[in-house]
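Okay, thanks everyone, let me share my screen.

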Amino acid sequence: MKKKIAVFSPIVLFLIVWAFAVWNINATAEKPIVETYSMQDTVAYGENYFRRSDNIIDGYTVTVLSAEIVPYEEYAQKQGITPPERMTDETGNFLYRPEYVYDVEVRFSNTDNEEGTVDMFDTLLVNDDALMLRVDADLWDCMYPQLAGPYSFRLRPNTEMVFRLPFVVEAVYSERYPMERVQKEKMSLVISQYPVKKVIELK
């Protein structure tokens, strides 16, 4: 019995030390400052970024002009897009297609930035829980064929452009967040993560 205790004790001690180290790292880790804005506010990106600190778009601003939820098929028709026929898997079941589009109309402007790009992959629509919507690549390519391919764009200095961002729910969230529920959710547009997380509330 004494040998078992002797072996067991160092393992327990190791786990305690490891757990404390993880807790200490999380507790002392620098967390981003959060700034919250409203629709119609002109929000500057400043020296902030998403994941790549080498993509700074200081000089760019964004303003949310409107937002609404529209059924996917109806939205595509409004944009003059004919959705491709739904594909099926090996068993004949339809592959996932979003039920709705959360359409966010925004105005981007650029005063003097000549190198940075606005990243659509990391520009997210989120709620206060786990829901996260991204711009639908298929709709985006059809609506802005001149930008097709890269999930980002650049504006010339001293220009601005109004975009409609077609956010859709990913398959993993689709059953938990049907259209009726999302219409009641408090949603926010995330335009940067570090060192300042900037969010624009849509309601």
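Quick one to start: in β7, which residue is the bridge partner of Leu-125? It's Leu-133. Before going on, a word on what we're looking at: this is a predicted model, where local features need pLDDT of at least 70, side-chain atom pairs count only at pLDDT 80 or more, and totals for chains, interfaces and linings use all residues. Residues are numbered from 1 along each chain as its sequence is written, and side-chain values use heavy atoms, with hydrogens and water left out.

Back to that pair. Strand β6, residues 124-126, and strand β7, residues 132-135, run antiparallel to each other over two bridges; strands count as paired if DSSP finds at least two bridges between them. Overall, the chain has five helices and eleven strands. Those are DSSP runs numbered from the N terminus, H or I of at least four residues for helices and E of at least two for strands.

Now the sheet. It's open, with nine strands and mixed pairing, in the order β1-β11-β10-β6-β7-β9-β4-β3-β2. At the edges sit β1 (33-38) and β2 (42-44), each pairing on one side only.

Let's zoom in on β4, residues 100-110, which includes Ser-109. Is Ser-109 buried or exposed? Buried, because its relative accessible area is 16%, and buried means under 20% with a 1.4 Å probe, protein chains only, while exposed is over 50% and partly exposed is in between. Across the chain, 38% of the 203 residues count as buried. If you leave aside neighbours within four places in sequence, Ser-109 is in contact with residues including Gly-59, Tyr-60 and Leu-155; contact here is heavy atoms within 4.5 Å.

Next, the loop between β4 and β5 (118-119), where we find Thr-117. Thr-117 is buried too, at 17% relative accessible area. Not counting residues up to four places away in sequence, Thr-117 touches Asn-55, Ile-57, Ser-152, Phe-153 and Arg-154.

One more number on contacts: of those in the chain between residues at least 6 apart in sequence, 73% join residues at least 24 apart.

That's what I have, so over to you.
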